[in-house]
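Here are my notes for your first pass through this one. Have the viewer open and go point by point.

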Amino acid sequence: MATNAHAEGEGRQPIVAHHFNNIRQQQASVRFGMWVFLVTEVLFFGGVLCAYAACRIWYPKEFEAGSTALNPFIASINTFLLLSSSFTITLAIRAAYKGQRDGLRLWLASTIVLGTVFLGFKAKEYYGDYEEGLIPGPQKTLVDDVDATGKPVLREVSVFAVNLKHVLEHKNAKAKAISDKMTWNERDRTQMFFVFYYSITGLHVIHMIVGLGLLVWQLILAQIGFFEPTERHVYIEVMSLYWHFVDLVWIFLFPLLYMAGHHSMDGAF
Amino acid sequence: MATTHAPATTPTTLELDYTPQTAPPVVDVDGPPKVHYLNHSFGWLSWLLTVDHKRIGILYLIPLTIFFMCGGIAAGLVRLNLIQPYGAILELDQYNKAFTAHGTIMLFLFLIPVIPGVLGNFFVPMMIGAKDMAFPKLNLASWYVWMGGAMFFIAALLFGGLDTGWTFYPPYSSKYSHTNVIWAGLGVFITGFSSILTGLNIIATVHKMRAPGMTWGRLPLFVWAMYATSVIQILATPVLAMAVCLLATERIFGVGIFDPSLGGDPLLFQHLFWYYSHPAVYIMILPGMGVINEVITCFSRKNIFGYKAVAWSSVGIAVVGFLVWGHHMFLSGQGVYLGMVFSVLTMLVAIPSAVKVFNWTATFYGGQITFEAPMLFTIGFIVLFTIGGLTGLFLGILGTDIHLHDTYFVIAHFHFTMVGGMMFAWQAGLHFYWPKMTGKMYSDFWSRLAAVIMLVGFSLTFLPQFVAGYHGLPRRYPYYPVEFQMMNILSTAGATIQGFGYLMPAVYLPLSLFFGRNAGANPWRATGLEWQTPSPPTMHNFEELPIVTHGPYEYALPSKFTLEDGHAHETKGGNGGH
């Protein structure tokens with residue numbers, strides 16, 4: 001058992017857990033553990049971003065079209081919200097470090113609000129995509145097309161491709177120009193972009209939800225005075241590390257998903 | 001008891017006699033402690049809610065043994081079926097499910113978690129002089145995650161099965177297989193998280209929890225190996241999780257990421273899969289190599305030859321292991337130049353592996369070798385692992401791999417490293433540390449016999465497969481030409497002997513709990529910190545914070561026990577060495 005002078009805090013539990021020798025060792029372990037965890041998270045997102053990169057190199061046109069069909073306005077607002085929440089959680093560390101209970105609660109609550117509004121906007125965006133029918137899937141339909149000799153034929157394409165064509169043509173002139181240059185095969189394959197879009201943003205949303213849950217938990221702890229011994233500011237600190245990471249992932253996702261232009265060698269000539 | 005040397009009163013007047021000793025005597029000076037980690041509290045909940053790293057180690061041990069038996073039974077079915085050229089007992093789809101069950105259970109539910117889960121949890125904190133892991137609750141959570149994933153996986157295998165092989169290659173797995181690919185994939189995904197959390201915990205523990213004086217240069221080599229393993233676990237496992245996620249997405253939504261008919265690329269999956277799964281074979285073997293260091297020094301009564309080389313070779317294997325995954329795809333349509341690069345990089349892994357083998361053999365040289373069961377397993381390990389490693393070179397070379405790819409040669413190579421290597425190392429570790437974990441000593445005769453039987457059975461199983469594979473017998477096929485029947489019968493006979501060998505520890509180790517004599521604190525008279533505690537260890541491992549003043553294998557120095565209890569040993573003051 002640790003026999004530090006201040007091992008028994010004002011809370012119910014001792015500040016230094018039984019298996020640590022002193023508070024410094026505990027704080028260092030907690031920080032280190034979170035950094036190692038974030039390394040695994042980098043690899044986790046790295047795997048899917050690697051697959052994204054490979055597919056985008058093969059199919060630049062499809063990725064451009066898919067990206068154009070998304071709603072960058074909501075995503076820009078969300079970027080602003082998430083960056084602000086990174087700022088507020090940093091103020092929360094400062095408040096915890098200085099032992100300001102009210103400040104800690106205020107900044108934790110602000111972070112939670114900003115994160116929740118982010119999720120609300122994200123849900124609205126998903127719903128918009130759903131209404132536009134931009135959901136990949138095996139459903140097929142028939143469209144009018146011409147074959148190589150110019151003869152009119154009926155062609156089986158995915159429902160997604162028809163929806164994509166419709167969305168792009170009614171968006172703006174640039175989107176229509178992109179859509180007009182695409183074949184039905186390419187429209188079909190744009191589903192691949194949307195698979196990445198939903199899976200990466202979905203993973204990001206899951207990380208946000210976990211983070212918000214932890215933030216609520218910390219807010220409750222702050223309410224009951226768990227962070228009164230200021231040594232425990234380290235828990236707010238590692239929470240903020242995680243939150244910054246989730247923020248940082250979004251900083252990567254925003255350009256990769258919403259600004260995917262046509263960068264390929266055959267487009268350059 | 002011979003009293004050839006009067007116990008000295010102070011170390012300054014002690015005249016050290018460096019006459020080498022032979023068998024280390026087993027002396028129980030104090031008897032087991034009254035209250036230790038096994039009996040300080042009772043009841044199911046005291047185990048299921050424990051955060052004690054030692055109890056969590058035991059929690060891993062029991063299901064792991066059961067999973068090993070499940071995987072073994074599946075292997076037995078496969079071997080039995082291959083007695084006849086057109087299959088002896090199984091339908092074709094049953095055969096596919098049997099070899100998939102064998103591969104997946106053994107890899108994901110046994111080989112990957114076994115040593116990190118049991119010996120890593122139990123001994124890494126003790127070896128570095130800590131009271132527990134850095135994050136004890138996370139440690140328990142990681143066990144629950146692992147059990148949850150394993151249950152998922154077993155359920156998927158029992159209700160419907162899986163027939164993709166352990167590699168889950170699309171488009172077969174994403175489009176054509178009618179078995180539980182998604183559920184099994186979810187099981188792999190979940191157990192992967194447990195693997196990550198265990199690795200994270202061990203890395204944080206090694207960095208932050210070392211006792212005063214326990215510098216990196218004084219860490220036992222088992223800890224170095226576990227550290228390297230953990231680095232691979234946290235860097236590689238997330239990528240597998242991602243690959244399985246994408247596979248499930250493709251299967252559920254019917255969209256192409258890997259399926260070529262939908263615009264995807266199966267090679268992409270293979271890249272993501274092997275980016276994890278090749279380093280994963282080092283997750284499996286490195287902890288085993290760590291155990292070997294501990295056993296070999298103890299039963300040679302010598303310091304390890306080239307401590308730094310062995311320590312850094314673990315790290316080297318971890319690093320280079322990340323750069324060689326492409327050698328699984330020489331014939332999958334990967335570019336020829338990429339294949340050449342991967343071939344050369346694959347050769348590089350042989351260097352740190354060979355450093356280890358040479359240093360182990362050099363440790364034998366001039367040592368006072370005794371042949372207790374752990375040492376027999378260790379010698380088996382070195383021989384079999386060397387054969388496995390050298391035949392791996394055949395497969396790493398681009399030209400020969402074209403001939404040997406997907407034949408029984410690959411199977412034999414892989415089993416020589418994984419069973420001959422890891423399984424023997426696991427047995428060595430289990431037998432070496434059993435007295436410390438339980439406080440009881442198992443039967444010397446039966447344990448040595450088990451080691452010999454396993455070695456004989458193993459060799460008979462897999463040596464013929466090298467020949468069969470060289471002559472072109474492909475892996476995974478249920479039917480084969482009749483001229484291969486003799487090889488297959490030899491293999492199956494060997495598998496039967498092996499099965500008996502594995503059953504023996506399952507009998508005499510539990511029996512030792514009831515009938516074994518008390519082992520005493522340090523039955524092998526080893527020098528590590530973990531042996532300076534009573535057996536079984538007390539709740540917090542150490543009565544007081546240990547201060548470390550020397551390296552882990554100072555068998556040439558008089559140990560603490562020699563100085564204090566010199567009369568208790570049949571020694572002449574020193575304990576071996578020059």
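This is a predicted model: local features need pLDDT of at least 70, side-chain atom pairs count only at pLDDT 80 or more; totals for chains, interfaces and linings use all residues.

1. From α2(A) you'll find A65(A), T68(A) and A69(A), and from α5(A) the partners are L164(A), V167(A) and L168(A). Sorted by class, the residues of this contact come out as five nonpolar, one polar and no charged. As a reminder about helices, residues three or four places apart point the same way, because an α-helix has 3.6 residues a turn.

2. Next, the place where the chains touch. Chain A puts 26 residues into the contact and chain B puts in 31 residues. On the chain A side, the elements that give two or more residues are α1 and α8. Which of them gives the most? That's α1(A), with 15 residues. By class, this side of chain A has 14 nonpolar, eleven polar and one charged residues.

3. Then the core. The largest nonpolar core has 228 residues, and the ones with the most contacts inside it are F153(B), V223(B) and A243(B). Helix α7 of chain B (residues 221–253) supplies the largest share of this core, 21 residues. Take V223(B) as a place to start looking: leaving aside residues up to four places away in sequence, it touches V124(B), M127(B), I128(B) and V206(B).

4. Have a look at the backbone of chain B too. Which residues does a cis peptide bond join, with omega about 0°? They are P170(B) and P171(B). P171(B) sits in the loop between α4 (136–158) and α5 (172–176) of chain B. There's also a cis peptide bond from S535(B) to P536(B), with omega near -10°. You'll find P536(B) in the loop between β2 (517–518) and α16 (560–564) of chain B.

5. F168(B) has phi near 55°, and its place is the loop between α4 and α5 of chain B. Is F168(B) buried or exposed? F168(B) counts as buried because it has 25 C-beta neighbours inside 10 Å.

6. D406(B) is not a glycine either, yet its phi is positive, at about 55°. This residue belongs to the loop between α12 (398–404) and α13 (408–438) of chain B. D406(B) has 14 other C-beta atoms within 10 Å, so it is partly exposed.

Notes:
Residues are numbered from 1 along each chain as its sequence is written. Chains are lettered from A and ligands numbered from 1 in the order in which they are written. Two residues are in contact if their C-beta atoms, placed from the backbone, lie within 7 Å. Helices (H or I, at least four residues) and strands (E, at least two) are DSSP runs, numbered from the N terminus. Ala, Val, Leu, Ile, Met, Phe, Trp, Tyr, Cys and Pro count as nonpolar, Asp, Glu, Lys and Arg as charged, and the others, Gly among them, as polar. A nonpolar core is a set of buried Ala, Val, Leu, Ile, Met, Phe, Trp, Tyr and Cys residues joined through C-beta atoms within 7 Å. A residue is buried if 20 or more other C-beta atoms lie within 10 Å of its own, exposed if 12 or fewer, and partly exposed in between; C-beta atoms are placed from the backbone.
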